[in-house]
Amino acid sequence: VDKGSYWDNAYIKKGVGGVSWYQDSPDYSLRLIKACRLKSDAALIDVGGGASRLVDHLLAMGFTNLSVLDISSEALSQARSRLEADAERVAWLEADITTFDPPQSYALWHDRAVFHFLTDAEDRRRYLSVVKAALQPEANLIIATFAPDGPDRCSDLPIEKYDAEKMVATLGNGFDLQETLSEQHVRPDGRLQHFNYCRFKRV
Ligand SMILES: C[S@@+](CC[C@H](N)C(=O)[O-])C[C@H]1O[C@@H](n2cnc3c(N)ncnc32)[C@H](O)[C@@H]1O
């Protein structure tokens, strides 16, 4: 199966709210986004946002230029049906992040549990060149991955784990680390997953 169908199946099999990464309220992401002090018309993108409720919260906070990108059309359609009429206020982009051609530049790029699937150095290089092409000067980059003592796999796929130091080294020049947060994410089945969040400013 291709990558898009793999993820479509994960969303179909587990249903709304059943996927291991599900959060009612993405509190850690929201805390870091608030710290960016963005204007309400700033362009924000949630990369690999899937069916996350982050976009619901950002709409409620008054942001008017919101994009959600995902490789899974099923994930995007779950989010759109949940938002009903509000879905019209969001740009939904079905794309593979490693080959994404951004239609605009962004003041904030948010990625929770997507970059960590890139176990191949070439894919990480492609992702980072997309980030650099897509971000405005002094833009904000928030990346959350499994922490070094987190699980080895996510959604049955191998992942790469990061602490802040390793993320700084992986991103290379051009990003200044502002803040890190540690989350013990509680999965729907009650098990814990340790996430590491990093907030960067583009320099
Ligand atoms: C573990 S889930 C996290 C979803 C969301 N960020 C959250 O925190 O709820 C990973 C998401 O990344 C998407 N994804 C995986 N590989 C991708 C790729 N190469 N390009 C774009 N999206 C991808 C999947 O469809 C899925 O929605």
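The structure is a predicted model, in which local features need pLDDT of at least 70 and side-chain atom pairs count only at pLDDT 80 or more, while totals for chains, interfaces and linings use all residues. Residues are numbered from 1 along each chain as its sequence is written, and side-chain values use heavy atoms, with hydrogens and water left out.

The protein chain contains six helices and nine strands, assigned as DSSP runs (H or I, at least four residues, for helices; E, at least two, for strands). The C-alpha trace spans about 40 × 40 × 30 Å along its principal axes. For 203 residues, a compact globule would have a radius of gyration near 17 Å, and the 16 Å of the protein chain agrees with this; the radius is taken over C-alpha atoms, and the globule rule is 2.2 Å times the number of residues to the power 0.38.

Of the 203 residues, 50% are buried, meaning under 20% relative accessible area (1.4 Å probe, protein chains only). Where contacts (heavy atoms within 4.5 Å) link residues at least 6 apart in sequence, 69% join residues at least 24 apart.

A nonpolar core is a set of buried Ala, Val, Leu, Ile, Met, Phe, Trp, Tyr and Cys residues joined through side-chain atoms within 4.5 Å. The largest such core has 39 residues, of which L38, L44, L58 and W92 touch the most other members. Leaving aside residues up to four places away in sequence, L44 touches L38, L58, F63, N65, L66, S67, Y106 and L108. A second, separate core of 28 residues includes Y106, L128, Y162 and C198.
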